[in-house]
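The sequence and structure come first.

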Amino acid sequence: MSRYAAFVLFLALGIEIHLARGTEVFVKDKDDKLCLYANLMVNFSVSYEVTGNKNETAEIELPSDVTNIGSKCEETSSMLKLNFGDGHSWSVNFTMNGKVYQADSIMFSYNLNDSIHFPNSVSNETISVNVKPHITDVSMDTCYSCKSKEMIQSDFVNQTLWNVLIQAFVSNGSKSENLTSCAADVPATTVAPTTPTTTTAVPVTNSTSTVPPPTTPPTPALPTPTTGKYSIKGDENSTACLLANFGLRIGFKQGDKYQEMNFDPNGTLVSGSCGVYSSELVLVSNTMSIMLTFTNDTKKFRLHALNVTATTSSGAVFSEVNSNLSLWEAAVGSSYMCNKEQNYTITNLLTIYTFDLQVQPFGVKKGGFSTAHECSLDDTSILIPIIVGAALAGLILIVVIAYVIGRRKTYVGYQTL
């Protein structure tokens with residue numbers, strides 16, 4: 001009985017740990033009072049050089065078992081430092097300005113000598129990357145909260161933060177229940193329509209002229225996005241191991257506002273990796289970053305994950321990810337092609353539209369696409385029996401109508417006078 005109770009308790013604790021997921025940290029001051037609190041999730045995508053003059057991408061998740069050695073709390077500044085793994089650390093510097101505080105910088109240091117996360121690395125250095133987060137104007141005595149994903153990019157490292165809850169200056173040793181939410185979590189407010197007032201011009205003669213109310217021009221439709229041609233090579237001296245051609249448009253919703261953006265391939269930074277069972281393509285433009293992850297089961301490949309981060313014209317950042325997709329499926333060694341426009345619902349907030357699509361993430365030979373598996377929209381073979389069937393049906397209908405008309409004329413001709 002005791003073993004059974006212990007097993008149930010273990011399951012309950014396991015479920016609780018699974019639901020918690022995030023990394024929770026309590027930093028205390030010299031008086032052993034809570035002065036900084038954090039509960040957040042961070043993923044790191046690091047590009048590094050391996051033997052053979054190739055590049056690989058390491059995916060690292062901030063674990064729950066971290067130490068906060070090096071964290072500190074001062075009167076107008078504080079630092080959260082999380083140490084984890086084999087010589088890695090992630091730190092955020094905060095400053096106070098009157099009744100608000102902000103995060104000034106984030107530093108991520110990673111040890112390339114860690115063979116678990118960076119196998120076959122040609123370097124054993126510890127590299128540090130400094131970036132500027134979008135955590136500003138947080139009211140004192142409140143926690144900064146951001147459930148939405150935010151991707152912070154640098155030359156070789158992409159950091160994705162979400163489910164963030166931080167209070168950098170805790171007063172009286174107790175975390176505040178009040179929140180300052182990030183812009184991405186706040187629903188967009190719609191301005192109530194105003195009734196235009198009719199203004200009467202100053203009379204020049206005995207007649208008055210009414211000025212028509214101004215009209216808002218409709219939002220112009222976006223042009224068809226430009227088709228980009230992308231390729232990934234295993235190294236500089238090899239041919240392509242991943243090929244992708246497509247035009248891309250995203251449609252996304254922030255609050256009650258729906259927007260669409262075209263991805264511009266001009267000037268896009270292209271990176272990625274080719275593996276036996278998983279390949280990755282990363283595209284970064286001035287306004288958008290896209291990460292496509294392909295997997296295969298030795299027989300068929302598919303688009304397994306998509307991560308999209310976009311910055312709108314107003315400066316708002318939108319980020320969505322789905323790691324459980326099964327799109328663009330085709331046999332390994334062939335390519336998937338769909339020339340006509342397709343749309344896919346990635347999440348309840350993100351839809352993508354593709355044009356002139358052709359991808360081959362595995363089994364590329366001689367740097368070119370292999371035989372394509374065409375999507376149903378492009379496949380015209382099914383149209384042939386439909387057209388033939390429709391023609392036969394039309395011919396039968398004509399014969400029946402002609403027969404009926406002929407019978408009626410014959411019947412009229414033999415009527416009794």
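In this predicted model, the link of C241 and C274 is right-handed, with 80° about the S-S bond. C241 lies in strand β17 (residues 240-254) and C274 in strand β19 (residues 269-274), so the pair ties together parts that are 33 residues apart in sequence. The sulfur atoms of C241 and C274 are 2.0 Å apart. C241 counts as buried at 18% relative accessibility, while C274 counts as partly exposed at 29%. The cut-off between these two classes is 20% relative accessible area.

The count of disulfides comes to four. With the bonded cysteines of the chain numbered in sequence order, the pairing reads 1-2, 3-4, 5-6, 7-8. Three of these links are described here, including the one above; their torsions are listed below.

| Pair | Angle about the S-S bond | Hand |
|---|---|---|
| C146 and C182 | 75° | right-handed |
| C241 and C274 | 80° | right-handed |
| C338 and C375 | 65° | right-handed |

For C146 and C182, the sulfur atoms are 2.1 Å apart. Another cysteine, C143, counts as buried at 0% relative accessibility.

The disulfide between C338 and C375 has an S to S distance of 1.9 Å. C338 is in strand β25 (residues 335-338) and C375 is in the loop between β28 (372-374) and α2, so the pair ties together parts that are 37 residues apart in sequence. C338 is buried, with a relative accessible area of 0%, and C375 counts as buried at 5%.

Helix α2 covers residues 383-413 and includes L395. L395 also belongs to a nonpolar surface patch with V388, L392 and V399. Together these residues have about 370 Å² of accessible area.

Confidence is described by pLDDT. The protein chain averages 83, and 82% of the residues score at least 70. Over residues 1-20 the pLDDT is below 50, and this stretch has zero contacts in the model beyond near neighbours in sequence. Residues 188-209 also have a pLDDT below 50, but this stretch has 15 contacts beyond near neighbours in sequence.

Conventions. Residues numbered from 1 in each chain as written. Predicted model: local features only at pLDDT ≥ 70, side-chain atom pairs only at ≥ 80, totals over all residues. Heavy atoms only, no water. Patch = residues over 30% accessible without salt bridge, like charges linked within 9 Å, V, L, I, M, F, W, Y side chains within 5 Å. Areas by Shrake-Rupley, 256 points an atom, 1.4 Å probe, with all protein chains shown as cover. Salt bridge = Lys/Arg side-chain N within 4 Å of Asp/Glu carboxyl O. Helix = DSSP H or I, 4+ residues; strand = E, 2+ residues; numbered from the N terminus. pLDDT = per-residue confidence, 0-100. Contact = heavy atoms within 4.5 Å. Disulfide = S-S within 2.5 Å. Buried < 20%, exposed > 50% of the residue type's maximum accessible area, 1.4 Å probe, protein only.
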